[in-house]
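Please look through the sequence and the model below before reading on. The paragraphs that follow lead through them part by part.

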Amino acid sequence: MQETSLELWGKLYETATRIKERKPWVEFWEMDLIGIQEEEGKKPVFFNIIGHEAKEYSIVAYEGYEGLNDFFLLLDKDKLNLTSEYVLFSQTCLAAYWGSREEMSEEQRQLIKNLGYKYYGKDQWLYFMAHSKGHFPGMLDDEEAARMTNYLSLLEKALECWDNDPVSVDFEHGNIYLYFYDQTKKQWMGKEQTLPFNEYQISYLELTDEKLMDELKNARRGNYCLEAELSFSHMLDKEKPRSRSINRKMCLIADTESKRMLKADLMEQEAQAEEWLIQYIVDFILGQGAPKEIRVSNGIVAAILEQVCHLAGIAITRTEQLPVIRSFLSSLALTES
């Protein structure tokens, strides 16, 4: 017999409530990760348990190594000089939050009522959110609720295993506690596990066209300076609800001397932004000559443009702020409001 939506959500709430009663945030710090590996070759899940230092409790599930990379983006936010806003909209994860009634949508409050739960006081209301790159976060759908129920059920067993058979884990140096199914012993076990990477991995397009690379090397030198940035637009379709709506990335290029925006294009897909930024800069180099300098505010844009700038002999300067682009984004925000 197929589960009804309410039965599915009931299991999710029951499982999360039992985990909260265990208070895992007492033992695990915010940067400690618990990994779950159901079987060899299957995508692992990584849990970030929040509440040891703060009094706001949450459990976040990151799926696969792509999800793990999103976690490291969060950790490396300051090092890369990224805004909290940029990081939020660059995450894909499923999360359980214990917050206030005001933080929840009417749909979430009605679900709690239908399930028969009653919460009192601040930071007691349990609700779930799905975060997806380039989208506003929203309530889980039934398929995501089923995945999260499975993940939390495994987390509950992992916490029991940790309590019954503690393992020494060097969390401080980036290792994790891995709860896994041992195919040889035919049982679930816990162990310390190293990770394939311990910092955010920047992915970007690499030029391989030798003719284009030669053109960039031989491009004439210009005497101008650019600002380059990627940002989320926050432009909502007023005909659609905010929840799960697309928050499209903007590709931004400005001239520092004239203080004019040269490019401010909305991307149809989140992944297009990096590709188009490179293309725009290449077009400027071949059409106007190579600028003497490109100023960027964060490590991601610097890495994306590193190869092009190296080929064309352009200096990349990391700076805290980009005044021309910042002014443009401020005016855009005022227009939207």
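**Rings, sheets and cores**

Ring pairs join Trp 9, Tyr 13, Tyr 117, Tyr 119, Trp 125 and Phe 128 into a cluster; rings of Phe, Tyr and Trp (its six-membered ring) pair if their centres lie within 6.5 Å, and planes under 30 degrees apart count as stacked, over 60 as edge-to-face and the rest as tilted. This is a predicted model, in which local features need pLDDT of at least 70 and side-chain atom pairs count only at pLDDT 80 or more, while totals for chains, interfaces and linings use all residues. Residues are numbered from 1 along each chain as its sequence is written, and side-chain values use heavy atoms, with hydrogens and water left out.

The protein has 10 helices and 12 strands. Helices (H or I, at least four residues) and strands (E, at least two) are DSSP runs, numbered from the N terminus. Along the principal axes, the C-alpha atoms fill a box of roughly 65 × 50 × 40 Å. Of the 337 residues, 48% count as buried, where buried means under 20% relative accessible area, exposed over 50% and partly exposed in between (1.4 Å probe, protein chains only). Of the contacts with a separation of 6 or more, 65% are between residues 24 or more positions apart; contact means heavy atoms within 4.5 Å.

Two strands pair if DSSP finds at least two bridges between them.

Ile 59 has Ala 96 in E4 as its bridge partner.

Lys 191 in E7 is the bridge partner of Leu 178. The charged end of Lys 191 also sits over the ring of Phe 180, 4.7 Å from its centre; a charge sits over a ring if NZ of Lys or CZ of Arg is within 6 Å of the ring centre and within 35 degrees of the ring normal.

The other open sheet described here has 5 strands in the order E10-E9-E8-E11-E12, again with mixed pairing. Its edge strands are strand E10 (260–266) and strand E12 (315–318), each pairing on one side only. Strand E8 (residues 225–232) and strand E11 (residues 293–296) run parallel and are joined by 4 bridges. Glu 227 stands opposite Arg 295 in E11. Helix H8 (residues 272–288) packs on the sheet, touching E8, strand E9 (249–255), E10 and E11, and its direction makes about 20° with that of E9. H9 lies across E8, E11 and E12, running at about 170° to E12.

Which residues touch the most other members of the largest nonpolar core? In this core of 54 residues they are Leu 277, Ile 285, Ile 294 and Leu 305. A nonpolar core is a set of buried Ala, Val, Leu, Ile, Met, Phe, Trp, Tyr and Cys residues joined through side-chain atoms within 4.5 Å. Helix H9 (residues 299–312) gives the largest share of this core, 9 residues. A second, separate core has 46 residues, among them Leu 8, Ile 59, Ala 130 and Leu 140.

The aromatic pairs remain. There are 22 of them in the structure. The rings of Phe 46 and Tyr 65 are 5.6 Å apart at their centres with planes at 50°, so this pair is tilted. Phe 46 is in strand E2 (residues 45–50) and Tyr 65 in helix H2 (residues 64–75), so the pair ties together parts that are 19 residues apart in sequence. Phe 46 is buried, at a relative accessible area of 2%, whereas Tyr 65, at 41%, is partly exposed. Tyr 117 and Tyr 119 form a stacked pair, 6.0 Å centre to centre with 5° between the planes.

How values were computed: Axes fitted to C-alpha atoms, helices over the stretch in contact; angles between N-to-C directions.
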